[in-house]
Amino acid sequence: MGVRRQVVAAVAVATAAVLATAVPAQAAPTAVDTGPLTPVADVDVERYVGDWYQVAAIPAIFEIQCYKNVTARYDVQPDGTIGVRNSCRTIVGTTSAVTGRARSENPPADSALTVSFLKLGGKWIYLGGPNYVVIGLDPDYRWAVVGDPDRSSGFVLSREPALTGAQTAAAKAALTANGYDLCDFRTTRQDGGGGAGSFC
C-alpha cells in the first residue's frame, strides 16, 4: 500500500472512531419478566406524565370507595422515579386519594414499572416484579392501556373523560392481544364522559 493510501486509510479509521464516540449507541432495554404481557416498545416518560382519566378497569378492592371521576396524576421525581396520585369522588361527594411511587423495570424503554403505595422509614418499598405494564399507547399519548402480568388488574386511561369510537377500538385490541377478557372490565363514571357499564 502506498503512503497516500495509508494516510487516507488512517484518516478514515480516525473519522469513524470520532463518529462512534460522538453518537452514543442506544442502550438496549433492561430484560424484565412481564409474563404473558407484551409491553409497548418505548414510553417517553416526559410525554406520559400528567393527568389521566380512568375510562375502564377491572374492578379492584382498592377502588371500592370510588363512585366516579377516577383519575391518576404522574410526575417525574428528582430521583428519576415517578410520583403517583390516584383520586376519585366517593358516593357521598368526598375525594379519596392515595399517593405512591413507580420505578421503571426496563429502562430506557420504561414500559414496565413497579408501583408502590408502601413507604417505610422514608423509603418506598417495591415488592415483586412489574405490576404496571403499558401494553397499548396512542402515538400522540391521548390514551394508554395498562396491565398486570397476572391479569388481576387492568386499566384504560385517557387524557379526556371519554374515548372516541376509534380510540376505544384500539384500546380493546391492545387488551385482547394480551389475553384479557374485555368482559372483565367495567367502564368508569366520569363527568363529561360515560357511565358505569360493561366494556365488552
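**Largest pocket.** I started with the largest pocket: 34 residues line it, and Phe62, Asn86, Val115, Phe117 and Phe155 lie nearest its centre. I note here that the model is a predicted one. The volume of this pocket comes to about 660 Å³. Next I looked up which elements build the lining. E1, E2, E3, E4, E5 and E10 each give two or more residues to the lining of the largest pocket.

**Cavity.** How many cavities of 30 Å³ or more are there? I find 1 cavity at that cut-off. The largest cavity has a volume of about 100 Å³. I listed the residues that line the largest cavity; among them are Val43, Val45, Tyr48, Tyr74, Ile82 and Val84. The list also includes Ala102, Asp110, Leu113, Val115, Tyr132 and Val134. Helix H2 (45-48), strand E3 (82-89), strand E5 (112-116) and E8 each supply at least two residues of that lining. Val115 turns up in both lists: it lines the largest cavity and is one of the residues nearest the centre of the largest pocket.

**Loop between E4 and E5.** I checked the backbone here. Pro107 and Pro108 are joined by a cis peptide bond, with omega about 0°. Pro108 sits in the loop between strand E4 (95-104) and E5. Its relative accessible area is 31%, so I call Pro108 partly exposed. I then took a distance to Val45. Asp110 is not a glycine, yet its phi is positive, about 60°. Is Asp110 buried or exposed? Asp110 is buried, at 17% relative accessible area. Asp110 also lines the largest cavity.

**Another positive phi.** Asn69 has a positive phi of about 55°, and Asn69 is not a glycine either. I place Asn69 in strand E2. With 16% relative accessibility, Asn69 counts as buried.

**Gln77.** I looked at the loop between E2 and E3, where Gln77 is found. Gln77 is buried, at 18% relative accessibility. What does Gln77 touch, leaving out residues up to four places away in sequence? I find Ile82, Gly83 and Arg101. Of these, Ile82 is one of the residues that line the largest cavity.

**Salt bridges.** I searched the whole structure and got 4 salt bridges.

- Asp51 meets Arg73 at 2.6 Å, N to O. The pair links distant parts of the chain: Asp51 is in strand E1 (residues 50-57) and Arg73 in strand E2 (residues 68-76), 22 residues apart. Asp51 is partly exposed at 40% relative accessible area, and Arg73 is partly exposed at 47%.
- Asp191 pairs with Lys68, with the closest N and O atoms 3.1 Å apart. This pair links distant parts of the chain, 123 residues apart: Asp191 is in the loop between strand E11 (186-187) and strand E12 (197-198), and Lys68 is in strand E2. Asp191 is partly exposed at 47%. Lys68 is partly exposed at 25%.
- Arg103 pairs with Glu105, and their closest N and O atoms are 2.9 Å apart. Arg103 is partly exposed at 31% relative accessible area. Glu105 has 18%, which is under the 20% cut-off, so Glu105 counts as buried.

**Helix H3.** I tested the length of H3 (residues 165-177). At 1.5 Å a residue, its 13 residues should span 18 Å, and the end C-alpha atoms are 18 Å apart, which agrees. Which residues of H3 are buried? I find Gln167, Thr168, Ala171, Ala174 and Leu175. They cover an arc of only 125° around the axis, so they are on the same side of H3. What covers the buried residues of H3 includes strand E8 (132-137), strand E9 (143-147) and strand E10 (154-158). The face turned away from the buried side carries Gly165, Ala166 and Ala177, which are exposed. Just after H3, Gly179 takes a positive phi of about 80°.

Note on methods
Residues numbered from 1 in each chain as written. Predicted model: local features only at pLDDT ≥ 70, side-chain atom pairs only at ≥ 80, totals over all residues. Heavy atoms only, no water. Helix = DSSP H or I, 4+ residues; strand = E, 2+ residues; numbered from the N terminus. Expected span 1.5 Å × (residues − 1). Buried < 20%, exposed > 50% of the residue type's maximum accessible area, 1.4 Å probe, protein only. Arc of directions from axis to C-beta. Contact = heavy atoms within 4.5 Å. Salt bridge = Lys/Arg side-chain N within 4 Å of Asp/Glu carboxyl O. 1 Å grid on protein atoms, 1.4 Å probe; cavity = no way out; pocket = protein on both sides within 12 Å on 5 of 7 lines; lining within 4 Å. Points joined across faces, edges and corners; volume = space filled by probe spheres on them.
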